[in-house]
Amino acid sequence: MSAHNRWKSIRAARLCEDVVQHPEYAQAGLDLRLGDMVRARRIELGLTQAEVAQRAQISRPALSRIEGGGGVPTLAMLDRLARAMGTTFTITVGRDAAPPCPPRG
C-alpha cells in the first residue's frame, strides 16, 4: 500500500472520530477536501498546475495553496478554475456535506 493510500485511510478514520472539534479545525478539514477535489480533477485531466493557473488567470502559487488547503478560493475563482479545466464543481454545504463515516466494529 502506498503512503498516500495509508494517509487517506488514516485521515478518513480521524475525521470520523467522536471528538469535539475546534471550529477552525473543522474549517481546515473542509479547505483540505476542496483542495483535494481540485487537485484530483487537474491530475485526472493530465494538466499541470502551471497550465491550469494560466488558463484560470491566477498564479501557480495561488493554485498550489488552494490544492494544499491553505487558500480558500472565492466562488468567482472556483468558476475560473472549473472553466480552466473544462469541468464543473458542485458544492454542498451543511450537515450532509461531510462524507459518510464507515461503520465501526
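Me: In this predicted model, a residue is called buried when under 20% of its relative accessible area is left. Why does Gln-49 count as buried?

Reply: Set the value against the cut-off: Gln-49 has 16% relative accessibility, so Gln-49 counts as buried. You will find this residue in helix α3.

Me: What does Gln-49 touch, not counting residues up to four places away in sequence?

Reply: Contact means heavy atoms within 4.5 Å. With residues up to four places away left out, Gln-49 touches Arg-42, Arg-60, Leu-63, Ser-64 and Glu-67.

Me: Which residues of α3 are buried, and what puts them on the same side of the helix?

Reply: The buried ones in α3 are Gln-49, Val-52, Ala-53 and Ala-56. They cover an arc of only 100° around the axis, and therefore they sit on the same side of α3. On the other side of α3, you can look for Gln-54 and Arg-55, which are exposed. For exposed, the cut-off is over 50% relative accessible area.

Me: What happens just after α3?

Reply: There, Gln-57 takes a positive phi of about 60°.

Me: Back to Val-52: which residues is Val-52 in contact with, leaving aside its neighbours within four places in sequence?

Reply: With those neighbours set aside, Val-52 is in contact with Arg-42, Leu-47, Leu-63, Leu-81, Ala-84 and Met-85. Val-52 is also in the largest nonpolar core, which has 14 residues. Val-52, Val-38, Ile-58, Leu-63 and Leu-81 are the members that touch the most others. Two or more residues of this core come from each of α2, α3 (49-56), α4 (60-67) and α5. The most come from α5, with 4 residues.

Me: Now for the empty space. How do you know where empty space is left?

Reply: A probe the size of a water molecule is rolled over the atoms, and this shows where empty space remains. Here, the second largest pocket holds about 490 Å³ of space. It is lined by 18 residues, and the closest to its centre are Leu-30, Leu-34, Met-37, Ile-91 and Thr-92.

Me: Which elements give two or more residues to the lining of the second largest pocket?

Reply: They are α2 (23-44) and α5 (75-84). The largest share of this lining comes from α2, with 6 residues.

Me: And how do the residues of the lining divide into nonpolar, polar and charged?

Reply: The lining of the second largest pocket has 11 nonpolar, 5 polar and 2 charged residues. Leu and Met, for example, count as nonpolar.

Notes
Residues are numbered from 1 along each chain as its sequence is written. This is a predicted model: local features need pLDDT of at least 70, side-chain atom pairs count only at pLDDT 80 or more; totals for chains, interfaces and linings use all residues. Side-chain values use heavy atoms; hydrogens and water are left out. On a 1 Å grid over the protein atoms alone, a cavity is a set of points where a 1.4 Å probe fits but cannot get out, and a pocket is an open set with protein on both sides within 12 Å along at least five of seven lines; lining residues have an atom within 4 Å of a point. Grid points are joined across faces, edges and corners, and a volume is the space filled by probe spheres set on the points. A nonpolar core is a set of buried Ala, Val, Leu, Ile, Met, Phe, Trp, Tyr and Cys residues joined through side-chain atoms within 4.5 Å. Buried means under 20% relative accessible area, exposed over 50%, partly exposed in between (1.4 Å probe, protein chains only). The arc is that of the directions from the helix axis to the C-beta atoms.
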